[in-house]
Amino acid sequence: MEKIDAKILSLMVQLTALNKINSESDFCERIGLLKQNLSRIKKGVAHFTPVHIENICKVFKVNANWIFGIQKNTFLDK
């Protein structure tokens, strides 16, 4: 599994803990990812696309630099 994919999958756990999403399906719907593609990402067969990453950053106010391992702050400052 790619490092970026692993980071985004861990982000889903964080978002659930913060009550920002209700389920994996909720996450997928909000970023425009088909649920079956999430299964493929978990298996390492597919990857999050740049469009998915852009949507994650916009919808959940995630720091893109965190996704790419450049900065430690997961979320953008308010």
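The legends below describe close-up views of a predicted model.

Local features were taken at pLDDT of at least 70 and side-chain atom pairs at pLDDT 80 or more, while totals for chains, interfaces and linings use all residues. Residues are numbered from 1 along each chain as its sequence is written, and side-chain values use heavy atoms, without hydrogens and water.

**View A. The buried side of helix 4.** Helix 4 spans residues 50–60, and its buried residues are His52, Ile53, Ile56, Cys57 and Phe60. Helices are DSSP runs of H or I with at least four residues, numbered from the N terminus. Buried means under 20% relative accessible area, exposed means over 50%, and partly exposed lies in between, for a 1.4 Å probe and protein chains only.

View B. Just after helix 4, Lys61 takes a positive phi of about 55°.

View C. The side chains of Glu54 and Lys58 meet in a salt bridge, with N to O at 2.9 Å. A salt bridge is a side-chain nitrogen of Lys or Arg within 4 Å of a carboxyl oxygen of Asp or Glu. Both residues lie in helix 4, four residues apart, about one turn of the helix. An α-helix has 3.6 residues a turn, so residues three or four places apart point the same way. Glu54 counts as partly exposed at 41% relative accessibility, and Lys58 as exposed at 54%.

View D. Lys35 and Glu24 form a salt bridge through their side chains (3.0 Å, N to O). Lys35 lies in helix 3 (residues 35–43) and Glu24 in helix 2, so this pair ties together parts eleven residues apart in sequence. Glu24 also forms a salt bridge with Lys42, where the closest N and O atoms are 2.6 Å apart. Lys42 is in helix 3 and Glu24 in helix 2, so here the linked parts are 18 residues apart in sequence. The relative accessibility is 30% for Glu24, 37% for Lys35 and 38% for Lys42; Glu24, Lys35 and Lys42 each count as partly exposed. Through shared partners, salt bridges join Glu24, Lys35 and Lys42 into one network. The structure holds four salt bridges.

**View E. The surroundings of His52.** His52 lies in helix 4 and counts as buried at 11% relative accessibility. Its side chain is joined to that of Thr49 by a polar contact of 3.0 Å. A polar contact is a pair of N or O atoms within 3.5 Å; within protein, one must be able to donate a hydrogen and the other to accept it, and residues adjacent in sequence count only if both atoms are side-chain atoms. Leaving aside neighbours within four places in sequence, His52 is in contact (heavy atoms within 4.5 Å) with Ile31, Gly32 and Leu33.

**View F. Cys28 and Cys57.** The count of disulfides, meaning pairs of cysteine sulfur atoms within 2.5 Å, comes to zero. The sulfur of Cys28 is 16 Å from the closest cysteine sulfur, in Cys57, too far for a bond. Cys28 counts as buried at 1% relative accessibility, and Cys57 counts as buried at 15%.

Note on methods. Helix = DSSP H or I, 4+ residues; strand = E, 2+ residues; numbered from the N terminus.
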